[in-house]
Every structure is written in structure tokens, then in C-alpha cells.
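Morning, everyone. Please bring up the sequence and the model, and keep them in view while I talk.

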Amino acid sequence: MTIDDAPRDALRSSPRELLRWVATGAAVSRADLSRLSGLSPSTVSQRVEALINEGLLEETGAGRSRGGRRPRQLAVPTGGAVVGAIDLGAHHARVGTLDLSGRVVQARTLPVRIEDGPEEVLGGLLAEVSALVAVAPGPGREAAGRAVAAGTLRGIGIGIPGPVQHATGRIVSPSRMPGWNGFDVAAFCADRVEVPVLVDNDANLMALGAHRTAHSELDHAVYIKAGTGIGSGVISSGRLHRGAQGSAGDISHCRVVADPAPPCTCGNAGCLEAVASGAALVTALRDQGVPVSDLTGVIRLIDDGDRHATALARQAGRAIGEILSVVVNFFNPQVVAIGGRLADCEPLLASMRGTLYERCLPLATQTLLIERVATGQDVGITGAAHLVIDHVVASN
């Protein structure tokens, strides 16, 4: 084993990984977990018992014998504990509850006005989570429209569309969130709910959700969230990499255009967000006399083949590709995946992909996957839920 292999091997034998194997069906017994993790049967039994005592695993009966005593089968409880998740955007928020395997139980999208301030926005979203937890669909009862009391809320994960100091849950100098600078999200929520609340940047949680659901076998990945703004999350050695203060992966204010360049909300000019984000495309089209009010209108124009919108989308893709080419050459990931509302913009994606192949070293792109995030609108709340699940498992 090399030094680089050590963190990944430790991850493979962690309680969280044991839980994931059971949740995905890869393991149904302690013997399966011992085989997959390389841990001794006694160590696996000790960790499984701790997970059972915490309510994260349960025994569901005896399995098939392979000679000797029939093994006790393991499963993730489906009708008990849940975690709450909030994926906050500038204009909408996705709110949901998920079970301890990370599967969505209930979810809904709500309109928000980020400029209304943190107390009003977060207070309303916490109330929505509480409403989802209070009454949840019972197994097999959805069609009848009946409901049963939900299980215990184990924690809430929140994704914020701005820089977050992960260790404290405090927002630091967000460019598109007036009134949110310095706000302590974790402390605000702790006064209103009696469970752990974990806060992170929305791009980080998209990366965590996408990696766990689509690329969990890969060690190194970069996920880009391209919507009204632009951000990215980094997976290194199978783990979410935040850096020293939590700003790792923030590509939005990397400079891509020399003077004269469009001003950015951060106070500089020529930043990636100022030329390639959804908000930048709206502004550029308006400057060209094209009547468009929001990103939805931009995407509609691109789908209709509007030459102005299509040309701007291709320029945006090249700008994103230029920044990512530096990231790929430096970090050498196995996959680069783009999510967010601009991910379905084919001219942007094609231009980004072409720029990466043009600007990156052949060795860096030899086996590189370049694709869309395939997990849909719930990828953010899935990442938020896994943030909480990891915290609960680690606290045992």
C-alpha cells in the first residue's frame, strides 16, 4: 500500500462505509462487511453493534446458510429516523427529508427571496422541514393518500449559495446575498431545533451528493454547479475536500477576461462568474437588446436556437473550460461533472468539453470522464443528508 492509498483504505473500513454498503445492498450480513472492508469479523461486529445501538442499522432476520449457523441479515431502518435537508438558492429552495441510507422520503421546491434576509428565509425553511418530519407517507400508503407519523429527526443539513466557514457555520462575504455576511447559520438554527445542524456551501453538497450516488467508486472528482452563479466542489481520496477555511473549489472569482472586462459582484472585473454564470448571460443578452428577464428565458432562447444566446453560451463554456483546465492539470481528477440549470445547455457543455481537451495535458484527459451530473434536482439535498449521516455515524 502506498501513502496515497492509506486515506482511501481507512475510508473503506469506516463505519460510514459499512452503513453505505448495507444501504446499497452490497452487504446484507456481517460476513459480507468483513469481506468488503478487510476488517476482522470481531471488529465488524463491534462497529455493527454500535450502528444498531444508534438506530442506524437493524437486524431483519436470518439469511441463507452457507454451511453452519444462518447469518443475521442487516438493513438500514426505513420507517424510523430521518434527516432534514435544505438546498438554498437565490430564488428557490429544495427542502426534503431523507432516510438514513440517503434516499429521499419527501421533497418539495419552494420560492424564496434571498434578499429577504437570513432570519426570514431560514426560519421559513426550518418550518417546512418540521412540517415534512411531522407527517410522512407511510410505506405502501402513498396511493391511498394516508399518512403516518414520521420517525425521529436526527439532524438537518443546509446548503448555502455563498462562501461558508464550515467549522463555524458562518457565511463569509457572499456576493449575491445582501444582509447575510457574517451570519451564523448554525447558531440561528440551534436556537430553533433540538438536533445537530450542519452548514456548507451548496456546490460542496452537490459534489457530495453526486459522488455518493454516481461515482462512489472514484477517488478524485470535480463537480461544477452552474446556475445563477458558478461554484464547484472537490472530492479527494474519496472525501469532500474543503481546504483550510472551507473555500476549496471556489472557481467563481478566478479571472478569465483581461481589461476591459465586465465588473463582478466581488468588486473585481473579469471573474468567471461575471462572464459565464446565468446572471452574466442575462445581463449580456439585455445589453444586446434581447428582451430576457431571467435564466429560464435564456435557456429557452438557447433551446430555440437564438444566435445571440447560443453564442454567449459557447463563450461561457469556453471560459468555464479554461478555468477547469487549470484545475484538471493541477488536480488530475477522474471525473469532471457539471450540474445546475446550465448543465442542460448543450452548446455550453460542448464548448467546455472541447476547451478541456484542447488545454489539458494528454495524460490528464486520457481516462477523464466529462459529463453532466445525473442525479437530478435532489442532488443538493442528498448531499446535505449525507453530511448529517456522516456526522451521526462519526459521533458514535
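The buried residues of helix H4 pack against helix H2 (15-24), helix H3 (30-37), strand S2 (72-75) and helix H14 (379-394). Here buried means under 20% relative accessible area, exposed over 50%, and partly exposed in between, with a 1.4 Å probe and protein chains only. Contact means heavy atoms within 4.5 Å. Helices (H or I, at least four residues) and strands (E, at least two) are DSSP runs, numbered from the N terminus.

A word on the source. This is a predicted model: local features need pLDDT of at least 70, side-chain atom pairs count only at pLDDT 80 or more, and totals for chains, interfaces and linings use all residues. Residues are numbered from 1 along each chain as its sequence is written, and side-chain values use heavy atoms, leaving out hydrogens and water.

Back to H4. Which residues of H4 are buried? They are Val44, Val48 and Leu51. These residues cover an arc of only 60° around the axis, which puts them on the same side of H4. That arc is taken from the directions from the helix axis to the C-beta atoms. After H4 comes Gly55, with a positive phi near 85°.

Now the sheet. It is open, with five strands in the order S5-S4-S3-S8-S11 and mixed pairing. Strands pair if DSSP finds at least two bridges between them. At the edges sit S5 (104-111) and S11 (197-201), each pairing on one side only. From one strand to the next, the twist averages 15°. S4 (residues 92-99) and S5 run antiparallel, joined by seven bridges. In that pair, Ala93 stands opposite Leu110 of S5.

Two helices lie across these strands. Helix H7 (residues 202-214) lies across S3 (82-88), S8 (153-160) and S11, at about 100° to S11. H14 lies across S3, S4, S5, S8 and S11, at about 135° to S3. Axes are lines fitted to C-alpha atoms, for helices over the stretch in contact, and angles run from 0 to 180 degrees between N-to-C directions.

Last, two loop residues. Ser173 is not a glycine, yet its phi is positive, about 50°. Ser173 lies in the loop between strand S10 (170-171) and helix H6 (185-190). Asn332 is not a glycine either, and its phi is positive, about 60°. Its loop runs between helix H11 (307-331) and strand S15 (335-339).
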